[in-house]
Amino acid sequence: MAFLGCIADDFTGATDLANNLVREGMRCVQVIGVPTLETVVGPNANADIAQADAIVVALKSRTTPVAEAVAESRAALAVLQQAGCQRFFFKYCSTFDSTPEGNIGPVAEALLDDLQADFAIAAPAFPVTGRIVEDGILWVNGVPLNESGMQHHPLTPMTDANLVRWLGAQSQSEVGLIDAHTIDDGVEAVRERAADLQSIDVRLAIVDTLNADHLDTLGQAFADAALITGGSGIALGLPAAYEQHGDIQRRPNAGQLEAFGGHCAIVSGSCSTQTQAQVAAFAAEHPALALDPLALANDFDQAVDAALEWALPKLAAGPVLVYSTDAPEAVAAAQAQLGNAQAGELVESALARISQGLVDAGVRRLMVAGGETSGAVVSALGVDWLRIGPQIDPGVPWTSTQISRLSDNESPVALALALKSGNFGDTDFFTRATWSSS
Ligand code: ADP
């Protein structure tokens, strides 16, 4: 039965958190959307979920209206509680992506209410990725958050790096700070500071975090807290702390997946600089087919069928790549002809349909590049959950799942998926697609 129940406000953030928990020895399943109770508990529970130490529910609640984000998060919490989880984690981005209205403060306070808990830390920092908090100010690679580019984010412009003030504006109760000096003084000092804050009715406190030692101290200090809120960094210290408290036993092979045979393929809809390099590196040595958005607009079915006719005969000989990845000028040209939204939608639907065709033809290891592209593919394949496996590159693990194929009344199909957002992964990321955990 899972010990830790997590609620993440977006899909790739959920994977990032799950990946860190697995690396620290907790077996982990990521569920897409609020699961039904029957999926997580009882005789018909999914076997992978039933054996997980941590369940991460991936929501899309970062930018939805406050009331919706609160309602979805509470629904997820209720299922996780019924599944037997004893500690809870609310995961958001390490750049604290939110608006002055929410959703981090309102969701955290609603979860505290439902857990009948008084206090939770807010710990976004992840020092190894350049995000630190000092005196309550969030720094991104040496510059304050509001000068890092995040001030221009289309949906969650972060115009203030002072997180005590920012979270305070979203929260009903006052927001406090546990500063770096207190954390340097150790676990007891941190607990005393938390108790002092609670005595003046502070329910949420930003925690300074300058280095990995601070994350460990915070993990130790709050291992018995009902709720922790933060980025995926704070999760690195938690499994060891839970083990020291006798709550879990960490597993050396938490990320081990069964062996996957079958064919291997890659679909790429990301146009990030790193993905462009990965596509070029793969295409230099393996079969790769570029999709043309204008051809898709002209005759969608014909273009999708042609891509599959190209790909399927090659699968037996090794991995193939189908991509729409292109340089900014080419993307801009397609967008000028088709409109931004329509170009994106066409490409996403095409890659989703091609993924279905590849799986129907026996692909059992599928890599997908692009956050939105991954969402489209996962939804077209009917993927509800992912067991988190070994890390390929930081933040990107192999995962496994089972899907029911409509064209196939037999038992569900086991599939290994690697879902990579934009700039993640080394240049040779795709060439490692041939992985099989035998
Ligand atoms: P990333 O993780 O790099 O942001 P996404 O998949 O989230 O990647 O977003 C890339 C977007 O660009 C998708 O909506 C995709 O459909 C769109 N896109 C991909 N290739 C092209 C192209 N050649 N022309 C226009 N739009 C494209």
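**Reading the model, feature by feature**

Modeller: Ser94 has a relative accessibility of 13%, so this residue counts as buried. Keep in mind as we go that the model is predicted.

Biologist: Where does Ser94 lie?

Modeller: Ser94 belongs to the loop between β4 (87–91) and α5.

Biologist: With which side chain does the side chain of Ser94 make a polar contact?

Modeller: To read such a contact, look for a pair of N or O atoms within 3.5 Å. Here the partner of the Ser94 side chain is the side chain of Arg131, at 3.2 Å.

Biologist: I would like to look at the backbone next. How should I read phi and the peptide bonds?

Modeller: As a general idea, most residues other than glycine have a negative phi, and most peptide bonds are trans. Now for the cases in this model. Phe96, although not a glycine, has a positive phi of about 55°. Asp201 is not a glycine either, and its phi is positive at about 65°. As for peptide bonds, the one from Gly102 to Asn103 is cis, with omega near 15°.

Biologist: Where are Phe96 and Asn103 found?

Modeller: Phe96 is in the loop between β4 and α5, and Asn103 is placed in the loop between β4 and α5 as well.

Biologist: Is Phe96 buried or exposed?

Modeller: The relative accessible area of Phe96 is 0%, so Phe96 is buried.

Biologist: And what about Asp201, buried or exposed?

Modeller: Asp201 has a relative accessible area of 61%, which means that it is exposed. Its place is the loop between α8 (187–199) and β10 (204–207).

Biologist: Is β3 mostly covered or mostly open?

Modeller: Strand β3 (residues 54–58) is mostly covered, with five of its five residues buried.

Biologist: In what order do the strands of the open sheet come?

Modeller: The order is β6-β7-β8, three strands with antiparallel pairing. In this sheet β6 (131–134) and β8 (143–144) are at the edges; each has a single partner strand, and therefore one side of each lacks a neighbour in the sheet. Between β7 (residues 137–140) and β8, two bridges make the antiparallel pair, and there Val140 stands opposite Val143 of β8.

Biologist: Last, the ligand. How many residues surround it, and which are the closest?

Modeller: For a shell like this, count residues with a heavy atom within 4 Å. The ligand has 18 residues around it, the closest being Ser270, Glu348, Glu372, Thr373 and Gly422. Helices α14 (328–338), α15 (340–360) and α16 (371–381) each give at least two residues to that shell, and α15 has the largest share, with four residues.

Biologist: Which polar atoms lie by the oxygen atoms of the ligand?

Modeller: Among them is a polar backbone atom of Gly371, 2.8 Å from a ligand oxygen. A polar backbone atom of Glu372 is 2.7 Å from an oxygen atom of the ligand. For Thr373, a side-chain N or O atom lies 2.6 Å from an oxygen atom of the ligand. On its own the ligand has 580 Å² of accessible area, and the protein covers 81% of this.

Biologist: And which pocket does the ligand sit in?

Modeller: The ligand sits in the second largest pocket.

Terms used. Residues are numbered from 1 along each chain as its sequence is written. This is a predicted model: local features need pLDDT of at least 70, side-chain atom pairs count only at pLDDT 80 or more; totals for chains, interfaces and linings use all residues. Side-chain values use heavy atoms; hydrogens and water are left out. Two strands pair if DSSP finds at least two bridges between them. Buried means under 20% relative accessible area, exposed over 50%, partly exposed in between (1.4 Å probe, protein chains only). A polar contact is a pair of N or O atoms within 3.5 Å; within protein, one must be able to donate a hydrogen and the other to accept it, and residues adjacent in sequence count only if both atoms are side-chain atoms. Accessible areas come from the Shrake-Rupley method with a 1.4 Å probe; for residues, only the protein chains shown count as cover. On a 1 Å grid over the protein atoms alone, a cavity is a set of points where a 1.4 Å probe fits but cannot get out, and a pocket is an open set with protein on both sides within 12 Å along at least five of seven lines; lining residues have an atom within 4 Å of a point. A molecule sits in a cavity or pocket if more than half of its atoms lie within 2 Å of its grid points.
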